[in-house]
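Please open the model in your viewer and keep the sequence panel beside it.

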Amino acid sequence: MENNLKEIINEKGYKIKFIADQLGVHDTEPSQWVAGRRRPRNDQIKKLARILGCKVKDLYPDYKPQ
């Protein structure tokens with residue numbers, strides 16, 4: 001479940017709270033994603049990419065749409 005989420009969030013200068021607010025989720029969810037303990041749903045991954053101004057594959061190189 002490799003991801004580049006932490007690097008991209010840091011590169012863009014965003015905080016976990018901002019990401020959570022934009023997605024309408026509790027702060028702990030993006031924290032779990034960044035740590036690699038959980039993975040967002042596919043729709044959340046797509047929203048994350050839009051928020052962060054990158055491609056889904058930049059966030060999750062092994063992403064496979066369902």
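The stops below begin with the whole chain and then move to single helices and residues.

**Before you start**

This is a predicted model, in which local features need pLDDT of at least 70 and side-chain atom pairs count only at pLDDT 80 or more, while totals for chains, interfaces and linings use all residues. Residues are numbered from 1 along each chain as its sequence is written, and side-chain values use heavy atoms, with hydrogens and water left out.

**Stop 1: the whole chain**

Show the protein chain as a cartoon, and you will find five helices and zero strands, where helices (H or I, at least four residues) and strands (E, at least two) are DSSP runs numbered from the N terminus. Followed along the sequence, the pattern reads α-α-α-α-α. The C-alpha trace spans about 25 × 20 × 20 Å along its principal axes. The radius of gyration, which is taken over C-alpha atoms, is compared with a globule rule of 2.2 Å times the number of residues to the power 0.38. For 66 residues a compact globule would have a value near 11 Å, and the protein chain agrees with this at 10 Å.

**Stop 2: helix α1**

Select residues 5-12, which form helix α1, and colour L5, I8 and I9, which are buried. Why do they sit on the same side of α1? They cover an arc of only 100° around the axis, and this puts them on one and the same side; the arc is that of the directions from the helix axis to the C-beta atoms. On the other side of α1 you can pick out N10 and E11, which are exposed. The cover over the buried residues of α1 includes α2 (16-23), α3 (28-35), α4 and α5. Just after α1, select G13, which takes a positive phi of about 80°.

**Stop 3**

Step back to N3, in the segment before α1, which counts as buried at 14% relative accessibility. Leaving out residues up to four places away in sequence, N3 touches W33, V34, G36, L59, Y60 and P61, where contact means heavy atoms within 4.5 Å.

**Stop 4: an aromatic pair**

How many aromatic pairs does a search of the whole structure find? The search finds one, and it is formed by Y14 and F18, stacked at 4.7 Å centre to centre with 10° between the planes. Rings of Phe, Tyr and Trp (its six-membered ring) pair if their centres lie within 6.5 Å, and planes under 30 degrees apart count as stacked, over 60 as edge-to-face and the rest as tilted. Y14 is partly exposed at 27% relative accessibility, and F18 is partly exposed with a relative accessible area of 31%.

**Stop 5: helix α4 and Q44**

Next, select helix α4 (residues 42-52) and, within it, Q44. The buried residues of α4 are Q44, I45, L48, A49 and L52. They cover an arc of only 145° around the axis, which puts them on the same side of α4. What covers them includes α1, α2, α3 and α5.

Q44 has a relative accessible area of 6% and is therefore buried. A polar atom of the Q44 side chain lies 2.9 Å from the backbone nitrogen of R41. Not counting residues up to four places away in sequence, Q44 touches L23, V25, E29 and W33.

**Stop 6: after α4**

Finish with G53, which follows α4 and has a positive phi near 65°. Then select C54, in the loop between α4 and α5 (56-59). C54 and I8 are 46 residues apart in sequence, and their C-alpha atoms are 8.6 Å apart in space. With residues up to four places away in sequence left out, C54 touches I8, A49 and L59.

Key
Buried < 20%, exposed > 50% of the residue type's maximum accessible area, 1.4 Å probe, protein only. Polar contact = N/O pair within 3.5 Å; in protein donor to acceptor, adjacent residues only side chain to side chain.
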